[in-house]
Amino acid sequence: MYPEHQEAVYQEQLDILGEDPNVAPTWEQLSKMSYLTRVIKEVMRLFSPPGIFRRLTDDLDLGEGYKLPKGSTAFILFYYLHRDPTLWAHPFKFHPDHFLPEECTKRPKNAYYPFSWGPRSCPGSTYAMAGNRTLISTIIRKYKFDTDLTFDSLEYKYSILLEVNQGYMVRIKPRY
């Protein structure tokens with residue numbers, strides 16, 4: 001949907017790994033993939049799990065006279081948190097620059113939870129990010145992707161993750 005971002009990710013991979021599409025990235029090279037990391041985080045912001053349930057261990061004062069008592073269950077909706085216009089410059093657009101360091105420092109640390117948080121957070125989050133960068137780095141150097149779908153025309157359904165109703169209509173072409 002965004003060939004300019006795909007091209008920027010591809011160029012970053014060439015800069016870090018060189019021309020050979022069969023070179024596997026090292027851990028050090030993965031850590032240099034800042035643009036790819038921003039793209040992955042932006043996809044995860046927009047297509048994270050819809051939310052999670054948590055039992056409150058203390059009273060939670062929401063302000064303006066609203067309080068959730070200890071022992072109650074709260075449903076935290078990531079869909080709305082990750083699209084809150086008070087936290088995100090472009091809440092309903094694909095905008096990898098949301099994850100530039102200077103943009104991240106503007107937001108509270110609890111504004112982005114693709115892997116949940118606290119003692120019940122995903123224990124494999126570091127592995128998942130490394131795996132995503134490795135996979136995308138490998139395939140983006142070998143293939144080019146395009147689609148006729150536009151971001152604004154997508155319709156969604158809830159599952160374990162937010163899914164696109166239209167399916168995944170993507171064309172894949174070898175780069176070489």
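My entries follow in the order in which I looked things up.

**Ground rules**

I am working from a predicted model, where local features need pLDDT of at least 70, side-chain atom pairs count only at pLDDT 80 or more, and totals for chains, interfaces and linings use all residues. I number residues from 1 along each chain as its sequence is written, and side-chain values use heavy atoms, with hydrogens and water left out.

**Overall fold**

I counted elements and found six helices and eight strands. Helices (H or I, at least four residues) and strands (E, at least two) are DSSP runs, numbered from the N terminus. Along the sequence I read α-α-α-β-β-β-β-α-α-α-β-β-β-β. Along the principal axes, the C-alpha atoms fill a box of roughly 60 × 35 × 30 Å.

I then looked at burial. Of the 176 residues, 36% are buried. I use buried for under 20% relative accessible area, exposed for over 50%, and partly exposed for in between (1.4 Å probe, protein chains only).

Next came contacts, meaning heavy atoms within 4.5 Å. Among contacts with a separation of 6 or more, 65% join residues 24 or more positions apart.

**Helix α1**

The 15 residues of α1 should span 21 Å, and the end C-alpha atoms are 21 Å apart, so the two agree. Buried residues of α1 are H5, Q6, V9, Y10, E12, Q13, L14, I16 and L17. They pack against α2 (27-31), α3, α6 and β5. Just past α1, I noted G18 with a positive phi of about 85 degrees.

**Helix α3**

How far does α3 reach from its first C-alpha to its last? I get 19 Å for its 13 residues (34-46), close to the 18 Å expected. This helix is largely enclosed by the rest of the structure, because 10 of its 13 residues are buried. I listed them: Y35, L36, T37, R38, V39, I40, E42, M44, R45 and L46. Their packing partners are α1 (3-17), α6 and β7 (162-164).

**M44, on α3**

I picked M44 in helix α3. M44 counts as buried because its relative accessible area is 15%. Beyond neighbours within four places in sequence, M44 contacts H82, Y112, P114, F115 and M129.

**S137, on α6**

S137 sits in helix α6. Buried or exposed? S137 counts as buried, because its relative accessibility is 0%. Leaving out residues up to four places away in sequence, I find S137 touching Q13, L17, P25, M33 and L36.

**Pockets**

I set the method down once. On a 1 Å grid over the protein atoms alone, a pocket is an open set of points with protein on both sides within 12 Å along at least five of seven lines, and lining residues have an atom within 4 Å of a point. Grid points are joined across faces, edges and corners, and a volume is the space filled by probe spheres set on the points.

The largest pocket holds about 1,300 Å³. I count 35 lining residues, with M1, V39, V43, F94 and V170 nearest the centre. Elements giving two or more residues are α1, α3, α6, β5 (143-146) and β7. α3 gives the most, with six residues. By class, the lining has 27 nonpolar, six polar and two charged residues. Here Ala, Val, Leu, Ile, Met, Phe, Trp, Tyr, Cys and Pro count as nonpolar, Asp, Glu, Lys and Arg as charged, and the others, Gly among them, as polar.

The second largest pocket holds about 290 Å³. It has 13 lining residues, and R54, R55, L56, L60 and A74 are closest to its centre. β1 (51-55), β2 (60-63) and β4 (73-77) each supply at least two. β4 gives the most, with three residues. Its classes are seven nonpolar, one polar and five charged.

**An annotated cysteine**

Last, I looked up C122, which the unreviewed UniProt entry covers with the annotation "binding site". UniProt positions are in the numbering used here, feature names are shortened, and annotations may be inferred rather than shown by experiment. I located C122 in the loop between α5 (101-104) and α6 (125-142). C122 counts as partly exposed, because its relative accessibility is 32%.

Notes. Expected span 1.5 Å × (residues − 1). 1 Å grid on protein atoms, 1.4 Å probe; cavity = no way out; pocket = protein on both sides within 12 Å on 5 of 7 lines; lining within 4 Å.
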